[in-house]
Amino acid sequence: MKPSPCLPIADADWPDDIAELREGFAGALNVYRTMAHHPALLTAWAPFRQHVVKENALGPELTEVVILRAGFRLASAYEWAHHVSRALALGFSEARINAIRGVPQRSTGVDGLIIDAVDALLDQHRLSKTQEAALAEAIGRKAVIDLIAMVGFYSVLGYLLKTYDTPIDDAIQKEAQENPALFSITAP
């Protein structure tokens, strides 16, 4: 297999014009070290990332439900593994994580509504009026809009990660060795 033309950029090769990003979120993860091949995009991405990942109306737990489902549906091993780690740190059970991917069966309740919304966005590229209304009642309209933006955001990351075969970060690979079935993108 031919090596990726966009391996994550090492510190020694990091572009000078975005040096400040290396010390923050971008230097910590291979996905952003890959995106650093396009400094202007990474610079523009940073404030959007701050809102989508940290300051959205969904809150940390529902954010992870969205990202896990999107990562699973996009078959992004990188996003799945990284967000399994984050979900576990938030106190998710293995059963809840597996239910997000539909094993042995799909989640119900708010998690189920979110999973259905992610699937609709990826399959039909929209939410139905009924679906949007049910979600807005359950989580609020701002959270619905953030969910839509989050699926788009993680779709772009998934495309980038898969196109350039970005490797899962070492710390996550090490964590995954303790529970490979849960961290694997393929269902157990």
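Which helices each supply at least two residues of the lining of the largest cavity? There are four names to look for: helix H3 (30-35), helix H4 (39-54), helix H6 (77-89) and helix H10 (141-163). Keep in mind as you look around that this is a predicted model.

Searching the whole structure turns up one cavity of 30 Å³ or more, and the volume of the largest cavity is about 90 Å³. If you want to find the spot, pick out the residues that line it: Leu29, Val31, Tyr32, Arg49, Val53, Tyr78, Glu79, His82, His83, Arg86, Tyr154 and Leu157. Helix H6 gives the most to this lining, with five residues. Sorted by class, the lining has seven nonpolar, two polar and three charged residues. As a bit of background, rolling a probe the size of a water molecule over the atoms shows where empty space is left.

## Arg49, a charge without a partner

One of the lining residues is Arg49, and you'll find Arg49 in helix H4. Is this side chain buried or exposed? Arg49 is buried, yet has no salt bridge. The nearest side chain of opposite charge belongs to Glu55, and that one is 8.6 Å away. A salt bridge needs the nitrogen and the carboxyl oxygen to be within 4 Å.

So what does Arg49 touch? Leaving out residues up to four places away in sequence, Arg49 is in contact with Phe25, Tyr32, Lys54 and Phe153. Among them, Tyr32 also belongs to the lining of the largest cavity.

## Salt bridges around Arg22

Side chains of opposite charge can pair when their charged atoms come close. In this model the count comes to nine salt bridges. Arg22 takes part in one with Asp11, where the closest N and O atoms are 3.9 Å apart. This pair links distant parts of the chain: Arg22 sits in helix H1 (residues 19-22), while Asp11 is in the segment before H1, 11 residues apart.

Arg22 also meets Glu23 in a salt bridge, at 2.8 Å from N to O.

## A bridge between H5 and H8

Another salt bridge joins Asp123 and Arg73, whose closest N and O atoms are 2.5 Å apart. Asp123 lies in helix H8 (residues 109-123) and Arg73 in helix H5 (residues 59-73), so this pair ties together parts that are 50 residues apart in sequence. Both ends are partly exposed: Asp123 has 41% relative accessibility, and Arg73 has 30%.

## Ser85 in helix H6

Helix H6, the one that gives the most to the cavity lining, is also where you'll find Ser85. Ser85 counts as buried because its relative accessible area is 13%, which is under the 20% cut-off. Which residues does Ser85 touch, not counting those up to four places away in sequence? The contacts of Ser85 are Ile172, Glu175 and Phe183.

Note on methods
Residues numbered from 1 in each chain as written. Predicted model: local features only at pLDDT ≥ 70, side-chain atom pairs only at ≥ 80, totals over all residues. Heavy atoms only, no water. 1 Å grid on protein atoms, 1.4 Å probe; cavity = no way out; pocket = protein on both sides within 12 Å on 5 of 7 lines; lining within 4 Å. Points joined across faces, edges and corners; volume = space filled by probe spheres on them. Nonpolar A, V, L, I, M, F, W, Y, C, P; charged D, E, K, R; others polar. Buried < 20%, exposed > 50% of the residue type's maximum accessible area, 1.4 Å probe, protein only. Lys, Arg positive; Asp, Glu negative; His and termini not counted. Contact = heavy atoms within 4.5 Å.
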